[in-house]
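Subject: Handover of a protein structure

Dear colleague,

Please find below the structure that I am handing over to you. I would be grateful if you kept it open while reading the notes that come after it.

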Amino acid sequence: MNASMPLISIVIPTYNHANFLKAAIDSVVAQTYRNWQAIIVNNFSDDNTIQIVSDFKDERISLINFSNDGVIAASRNEGIRNARGEFVAFLDSDDIWRPEKLARCVVALAAGSDIVCHGELWTGVDAPERVVMYGPRSRATYAKLLYRGNCISTSATIVRRSLLTRLNGFDERPEFVTAEDYDLWMRITRETTNISFVPEVLGEYRRHGGNASNAVIKNMSAELAVIEDHFSRQDRSFVRLCRQRHRRARAFYGAARALDSTGTRATSLKYFARSFATSPFVPRLYPAIALTVAHCVARRASRRTMTETRYFSIARHAMAEALRAIGIKSGDRVALPEFICRDLLASIHHLGAQVAYYPVDESLRPTRFPTESDVRAIIAVNYFGFAQQLEPFREYCRISNAVLIEDNAHGFLSADENGALLGTRAPFGITSIRKTIRIADGASLSINDQTYIDRVSPQLLPTSNKSLRPSIARKFSTVDRKFHLPIFRTMRTLARQMRKIKTGATLPISDPSSETEPLMIAAPYRSSLRILAQLNTEKEQARRRRLYKQVDIALADLPLRPVYTSLPTGTIPYGYPFLSDDRTAKLAEKITRGFGVEIIKWPDLPSAIEQGAPPHYKNIWLVNFL
Ligand SMILES: Cc1ncc(COP(=O)(O)O)c(C=O)c1O
């Protein structure tokens with residue numbers, strides 16, 4: 001290799017980030033500059049990290065298992081120790097690079113730079129995309145970094161290895177965690193001024209979004225620890241003490257701004273106040289305080305309607321996350337109607353909790369609530385998009401201290417008689433969106449209470465879906481609906497017949513194992529979120545209501561009983577549920593075939609309920625409008 005093609009060692013520390021890690025390594029493999037080695041420093045992840053890495057059949061990629069005790073600096077230093085390249089690039093496992101990144105940076109390194117940094121695109125689910133340019137060079141001096149803060153980003157930086165070795169790499173003090181890079185950049189700028197900034201976006205820094213208030217405070221504490229450490233090595237002049245106070249005030253100010261953007265405004269105000277008390281000479285402080293106070297007042301006024309949403313691949317994950325945020329643990333009980341799909345039990349068992357059942361009548365209203373004392377959450381089901389009356393549940397919660405979760409089975413876009421969207425009427429709302437519109441996956445968790453908003457995890461980054469099946473099915477079903485053609489239906493019938501030959505049943509039947517199936521919380525597909533964002537909701541709402549009325553008329557002469565006697569305003573039905581025997585359901589199927597719908601039996605009852613279930617649990621059929 002000649003001097004202008006130096007070997008770059010890429011250090012990628014990772015922990016339980018298999019999904020993200022794959023994208024990060026993909027972005028390394030896609031580099032147009034090919035003289036690199038990638039060292040993945042795996043902190044003994046218990047997901048499929050090792051498999052993901054070994055699937056890359058590329059000898060430039062190696063994996064080290066290394067326990068870092070929560071100190072990422074230790075992993076990076078282990079990577080540096082194993083590096084052979086003249087330069088070391090850092091890439092966090094949840095970030096990615098543009099293909100030309102190394103090629104562009106090598107130009108600056110070949111011209112003599114000891115350290116090079118480029119611009120990044122900050123992406124994330126909960127916040128708008130933002131281009132961030134680091135530097136400029138005049139800002140990257142020791143004094144400016146210390147007095148004004150960091151202006152260099154780890155995943156965007158390449159450093160000469162000899163420099164890193166001379167400086168003993170990152171400082172591994174636990175109190176520096178998350179600001180260890182800031183400390184290193186300062187130590188580097190004391191050694192060299194050969195820094196260049198490439199004014200181009202060559203990487204993506206992925207923000208995980210959601211409520212990150214803990215992370216902000218942790219980061220601020222680490223920043224303060226670094227600052228104090230550096231100031232402590234300087235003389236104790238009056239000017240130095242003033243600068244130190246001012247710098248602390250800036251750190252508080254930065255944290256207050258970050259907290260403000262995560263929606264934690266009360267805590268944000270606290271840090272604005274600390275910033276002011278430490279040094280009132282931070283000019284940006286004043287407009288920021290005014291804005292935050294205004295937000296706080298506005299939010300207090302609309303506190304009851306605060307809602308945040310997280311998306312998952314399936315509703316069981318949404319449910320598990322809600323139960324986790326409530327604090328359900330092993331041995332607790334979660335109350336559930338007896339008339340429920342057995343799959344949902346997996347969310348409860350996932351946390352080691354137990355189920356307390358309550359029965360429902362033929363209108364699917366509870367007839368009594370559980371009497372056990374350790375029920376910590378109760379699930380109210382809005383069956384088929386029809387609003388469940390929540391008052392009795394609220395009363396039960398008042399007495400028992402249980403937390404109410406609304407499960408929309410599957411009332412996507414449906415509202416109650418007051419116009420309140422189903423899923424927003426209790427602290428938590430869960431919807432399996434994939435069951436109501438034709439998308440590959442997708443479910444949502446609405447969190448409608450500030451206490452819990454602060455407790456749920458940030459939005460998982462969406463993943464990509466490699467299978468073409470869902471999008472083909474979607475296209476065909478759209479064409480069928482538009483032109484009244486039976487293509488999709490015929491394909492579906494064929495698939496069902498094949499399944500019948502193989503398994504003896506036309507529809508997949510879940511077995512008792514689905515009640516205890518392990519849940520690996522998974523993000524939704526990007527394509528599902530895109531389809532959802534583009535959905536014409538009014539059209540979809542109108543289609544469902546129209547179908548309901550058409551089916552109601554078409555089945556009027558059959559000896560069956562609709563579960564609901566009317567279609568209240570705002571109700572967006574999942575389908576048309578009715579009580580009947582199997583023979584009548586077959587006739588109903590024939591009659592409704594022309595609407596492009598199918599009839600299914602709902603639900604697959606939990607095994608504990610199946611035996612001895614009252615007839616109405618076993619005889620509910622559904623004309624499915626999917
Ligand atoms: C009432 C109810 N909630 C939640 C779920 C789980 O949905 P998902 O299959 O998306 O996990 C089901 C399953 O059908 C259900 O019936």
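The notes below go from the whole protein to single residues.

Please bear in mind throughout that this is a predicted model.

The whole protein

The C-alpha trace spans about 90 × 55 × 45 Å along its principal axes. The secondary structure comprises 22 helices and 20 strands. Three domains divide the protein: domain 1 (8-207), domain 2 (234-304) and domain 3 (315-626). The centres of domain 1 and domain 2, taken over C-alpha atoms, are separated by 30 Å. Of the 626 residues, 41% count as buried.

The surroundings of the ligand

There are 14 residues around the ligand, and those that come nearest are Ile314, Ala315, Cys341, Ala409 and Ser432. Helix H12 (315-326) and strand E14 (403-409) each contribute at least two residues to this shell. Sorted by class, the shell holds nine nonpolar, one polar and four charged residues.

Helix H10 covers residues 265-278, which makes 14 residues. From its first C-alpha to its last it reaches 20 Å, close to the 20 Å expected at 1.5 Å a residue. Which residues of H10 are buried? They are Arg265, Ser268, Tyr271, Phe272 and Ser275. These residues lie on the same side of H10 because they cover an arc of only 115° around the axis. The face turned away from the buried side carries the exposed residues Ala266 and Ala277.

Asp332 is located in the loop between H12 and strand E11 (333-337). Is Asp332 buried or exposed? Asp332 counts as buried, because it has 20 C-beta neighbours inside 10 Å. Leaving aside neighbours within four places in sequence, Asp332 is in contact with Ala353, Asp374 and Arg376. Asp332 and Arg376 are 44 residues apart in sequence, while their C-alpha atoms are 6.6 Å apart in space.

Ala420 sits in the loop between E14 and strand E15 (428-431). Ala420 has 14 C-beta neighbours inside 10 Å and therefore counts as partly exposed. Residues up to four places away in sequence not being counted, Ala420 touches Ala415 and Arg425. The C-alpha atoms of Ala420 and Gly570 are separated by 8.8 Å, although the two residues are 150 apart along the chain.

Backbone features to look at

Most residues other than glycine have a negative phi, and most peptide bonds are trans. The following places may therefore interest you as exceptions.

- The peptide bond from Gly135 to Pro136 is cis, with omega near -5°. Pro136 is in the loop between strand E7 (130-132) and helix H5 (142-148).
- Trp602 and Pro603 are also joined by a cis peptide bond, with omega about -10°. Pro603 is in the loop between strand E19 (598-601) and helix H21 (607-610).
- Phe44, which is not a glycine, has a positive phi of about 50°. Phe44 is in the loop between strand E2 (36-42) and helix H2 (49-55), and it counts as exposed because it has 12 C-beta neighbours inside 10 Å.
- Asp69, not a glycine either, has a positive phi of about 50°. Asp69 belongs to the loop between strand E3 (61-65) and helix H3 (72-81). With 9 C-beta neighbours inside 10 Å, Asp69 counts as exposed.

Yours sincerely

Note on methods. Residues are numbered from 1 along each chain as its sequence is written. This is a predicted model: local features need pLDDT of at least 70, side-chain atom pairs count only at pLDDT 80 or more; totals for chains, interfaces and linings use all residues. A residue is near a molecule or strand if its C-beta atom, placed from the backbone, lies within 6 Å of it. Helices (H or I, at least four residues) and strands (E, at least two) are DSSP runs, numbered from the N terminus. Ala, Val, Leu, Ile, Met, Phe, Trp, Tyr, Cys and Pro count as nonpolar, Asp, Glu, Lys and Arg as charged, and the others, Gly among them, as polar. Domain bounds come from an automatic or database domain assignment. The expected span of a helix is 1.5 Å times one less than its number of residues. The arc is that of the directions from the helix axis to the C-beta atoms. Two residues are in contact if their C-beta atoms, placed from the backbone, lie within 7 Å.
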